[in-house]
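The exercises below are to be worked through with the sequence and the coordinates at hand. Each task is followed by a solution in steps.

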Amino acid sequence: MTSSSGASRRQVLAVAAAAATAPLLAGAPAEAKPKQPKTWDLTILGTSDTHGNVYNWDYYKDAEFDDSKHNDVGVAKLATLVNQIRAERKGRATLVLDAGDTIQGTPLATYYAKQEPITSTGETHPMARAMNILKYDAVTLGNHEFNYGLPLLATWIEQLGFPALAANALNAKTGKPAFLPYVIKEVKLGGHGAPKLRVGILGLTNPGVAIWDKGNVEGRLVFADMVATAAKWVPEMRRRGADLVVISAHGGDSGTSSYGPELPNENPTALIAEQVPGIDAILFGHAHNEVPEKFVTNLTTGERVLTSEPSKWGQRLTRMDFTLTREKGRWTVTAKSATTLNTNTVVEDPAVLAAVRGQHTKTVEYVNRVVAQSSVELSAAESRYKDTPILDFINHVQTEVVTEALAGGEYAGLPVLSIAAPFSRTAVFPQGDVRIRDVAGLYVYDNTLEAVVLTGAEVKAYLEYSAKYFVTLPAGAPVNPETISDPAVPDYNYDVFSGVDIDIDIAKPVGQRITRLVLAGTDTPVAADARFVVAVNNYRRSGGGNFPGIVKTQVYNAQQEIRQLLIDWAQAKGVIDPADFFVPNWKLVRDGVPVF
C-alpha cells in the first residue's frame, strides 16, 4: 500500500516501530502526552465545462440567464466565489483548476472563432481574458477545444497566463505528447517559514475527439486511453517530487461511452481512481453532472480517491480541502473532502465583466440582427415526438444545399434524404422578426454539413437505432410527452429523417420499430438495395452517437457550417413560411394507430 505521500506501508510501519522503541528523552515526565503533529491545509478549487460562458447571460433569449432551478452561469460568477475563498484563506495555499470544454458553447465563443476569429484578428479570446483575470493555475483541454481546428486552439493556449494540459493527446507522427502533460506547482502552506508542498496536476482530455473532430485532428493527433495515460504519468510525477497528485480529467465517471469499442473509454474517471495508485483527487467534467463529493477506493492501495464534478457553464464551483501532516520530510494527507458551491449566491466579478464587456456587447449586437420574417410562430417544443416545421426547416436547407452541390455529377440521380436532431426543446421562431439568435438557438452546435450514400437497408438500420430513443409503451398505456424518451439517450442522439415516409411503433421492442418505410409520398416500400444521398452533420458522420452505417466517405463536404447555411437561406428568402418546406413524413404509432 502506498500513502498519498508516496511512502510504502513497510516504510510507514518501520518508522512507527522505530518511534515505539526509541528511549524517552532525559528528564521527560513519564506521563507526558505525545505531541500532536502539526497540520497544514490546502484548498483546490475546480471548474469545468464553462462552454464560453462569461456573463450570466442567455444570448438566445437576449436576457439574463435563468432556468427552472434558478441557476446562474459564467466565469464572472465563478470569479467572485474564487476571490471570496482566496480572501478567506489569505496566506494559505489555494489552487484553481479547470477540467475543460472552455472555448465553445455560446454565441460569444462562436463569434471569436467564426465571425472574427482570433487567428485572423490577433484579438485575445474572451475566455482567455476572463480566465486570466481569475488567475487559474492550469486548465485541461476538453473535447470541444478542438472544434475550431488546431491553429485556433494553439492561439488560445498562447493567450493564457497559465498552462493547458492534455497528457493523452499525442503527436500522430512521434507518439509524444502534443501538449503539456502535467505541471508540478510548489505552494507555501501558511506564512513565513512554512513548509512547501509540491502539487502535481495531470491533465487528461477525451479520446472521443478522434471521432467528434476527426476532420481537425486526423493524421495530426491520436488520443491514448485515459487510464493507461494516468498509469504512465502518475508515478513519473511522484518520482519528480510531487507530494500530492491531482488529476484534472475531461471525462465523466460512468464508465460508459457514447461511441463503440474502437476508441478508449469516454467516461473513465472512476476507473482511473480504482486502477491507478498514487492519486489523491480527481476534478472531472464532460458529463455536465453535479458530483459534490464522491470517494473511489483504489483497488491496489486501498486509499480513497476524492472526486468531484462541478456541473456545467459555471453553475457550480468545486471546493476540495486537504489536511496534511509532515514528518521527516514526507507529507501525508490525513483528511480530504469536497463540496460544490452555487454561483447563484454571488454577484458577478466586475473585473471579469470589464475585461470582456466589449466582446460581449459586440456579440449581443450580432445575434440580434434580423435575418427574416416568419409567417407564423414555429416552436421546437414538440420536435422530439411530433413532425414539426422547425426541424423540417433544417432538413429542407440541408437537402437543398446538397442537391445543388451534386447537380450534374455522379450522384445527381439519387434521392436526397436529410437528418436533423432536436437539439433544443425551447427554440422558437417568433411570428415576425427572426434574428440570428433565434436560428442559433435552434442549431446550437457548430456542426458542418456533409453527405454520404446509404442503401435502403442502411437507412432502415439507422432509423431502428435512432428509435431506441423512445421508451416502450404498449397500446392503451398512457402517454406523457415528458417521459416518452429514454433518459439514457440525449435528445441530440435522436434523428429525424426527411425524404422518406416513416412509422415508428413504440409499442414494439427496440430494433423492430420501423413498421413503415416508403418512398416519399407513395406506398412503395424502400428497397434494401435502393441508394440515397443522405445529408448529415459532421459530428454524426464522424461516428458521434455510434449510429450504424454512417461512418463512410463523404460525397459532399464543403466545410460549411449548418447554422450559417440556415441564416443564409433565411436572409436570401426574406420570409420563413412552413408552406415552403414543411412535409409531414414521420409519426409515432402503436399497432398502427398514431400516438399523437
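Contact means heavy atoms within 4.5 Å. The model is a predicted one.

**Exercise 1. Surroundings of aspartate 41**

Task: Determine in which strand aspartate 41 lies, and list the residues with which aspartate 41 is in contact, leaving aside its neighbours within four places in sequence.

Solution. 
Step 1. Strand S1, residues 39-47, holds aspartate 41.
Step 2. Once neighbours within four places in sequence are set aside, the contacts of aspartate 41 are Arg89, Arg92, Leu189, Phe322 and Leu324.
Step 3. Aspartate 41 has a relative accessibility of 24% and counts as partly exposed, because that class lies between the buried limit of under 20% and the exposed limit of over 50%.
Step 4. Arginine 437 is 396 residues away from aspartate 41 along the chain, and their C-alpha atoms are separated by 47 Å.

**Exercise 2. Two aspartates with positive phi**

Task: For aspartate 101 and aspartate 591, decide which class of accessibility applies, and state the phi of aspartate 101 and of aspartate 591.

Solution. 
Step 1. Aspartate 101 belongs to the loop between strand S4 (94-98) and H3. Its phi is near 65°, a positive value in a residue other than glycine.
Step 2. With a relative accessible area of 2%, aspartate 101 is buried.
Step 3. Aspartate 591 is placed in the loop between strand S29 (586-590) and strand S30 (593-594). Here phi is near 50°, again positive in a residue other than glycine.
Step 4. Aspartate 591 has 53% relative accessibility and therefore counts as exposed.

**Exercise 3. Helix H3 against helix H11**

Task: Describe how the axes of helix H3 and helix H11 cross, and classify the residues of the contact of H3 with H11.

Solution. 
Step 1. Two packed helices are described by the angle between their axes and the distance between the axes.
Step 2. For helix H3 (residues 107-115) and helix H11 (residues 350-367), the axes come within 9 Å and cross at roughly 85°. H3 is therefore roughly perpendicular to H11.
Step 3. On the H3 side, the residues that meet H11 are Pro107, Leu108, Tyr111, Tyr112 and Gln115; the H11 side supplies Val356, Gln359, His360, Lys362, Thr363, Tyr366 and Val367.
Step 4. By class, the contact of H3 with H11 has seven nonpolar, four polar and one charged residue.

**Exercise 4. Helix H12 against helix H16**

Task: Give the angle and the distance between the axes of H12 and H16, then the classes of the residues in the contact of H12 with H16.

Solution. 
Step 1. Helix H12 (residues 389-406) packs with H16 at an angle of about 90°, the axes being 10 Å apart. The pair is therefore roughly perpendicular.
Step 2. H12 contributes Phe393, Ile394, His396, Val397, Gln398, Glu400 and Val401 to the contact, and H16 contributes Ile562, Leu565, Leu566 and Trp569.
Step 3. The contact of H12 with H16 divides into eight nonpolar, two polar and one charged residue.

**Exercise 5. The largest cavity**

Task: State how many cavities of 30 Å³ or more are found in the whole structure, and which elements give two or more residues to the lining of the largest cavity.

Solution. 
Step 1. The largest cavity holds about 130 Å³ of space.
Step 2. The largest cavity is lined by 18 residues, of which Pro107, Thr110, Tyr366, Ala440 and Arg563 are the closest to its centre.
Step 3. H3, H11, helix H13 (436-442) and helix H16 (562-573) each give two or more residues to this lining. The largest share, four residues, comes from H3.
Step 4. The lining comprises nine nonpolar, six polar and three charged residues.

**Exercise 6. Alanine 166 and threonine 448**

Task: Determine whether alanine 166 is buried or exposed, do likewise for threonine 448, and name what each residue touches.

Solution. 
Step 1. Alanine 166 lies in the loop between strand S6 (164-165) and strand S7 (169-171), and is buried at a relative accessible area of 0%.
Step 2. Apart from neighbours within four places in sequence, alanine 166 is in contact with Leu141, Phe179, Leu180, Gly203 and Thr205.
Step 3. Threonine 448 is in strand S22 (residues 448-455). Its relative accessible area is 9%, so threonine 448 is buried.
Step 4. Not counting residues up to four places away in sequence, threonine 448 touches Val536, Asn537, Asn538, Gln559, Gln560, Glu561 and Ile562.
Step 5. From C-alpha to C-alpha, alanine 166 and threonine 448 are 26 Å apart in space and 282 residues apart in sequence.

How values were computed:
Residues numbered from 1 in each chain as written. Predicted model: local features only at pLDDT ≥ 70, side-chain atom pairs only at ≥ 80, totals over all residues. Heavy atoms only, no water. Buried < 20%, exposed > 50% of the residue type's maximum accessible area, 1.4 Å probe, protein only. Axes fitted to C-alpha atoms, helices over the stretch in contact; angles between N-to-C directions. Parallel < 35°, antiparallel > 145°, perpendicular 65-115°, else oblique. Nonpolar A, V, L, I, M, F, W, Y, C, P; charged D, E, K, R; others polar. 1 Å grid on protein atoms, 1.4 Å probe; cavity = no way out; pocket = protein on both sides within 12 Å on 5 of 7 lines; lining within 4 Å. Points joined across faces, edges and corners; volume = space filled by probe spheres on them.
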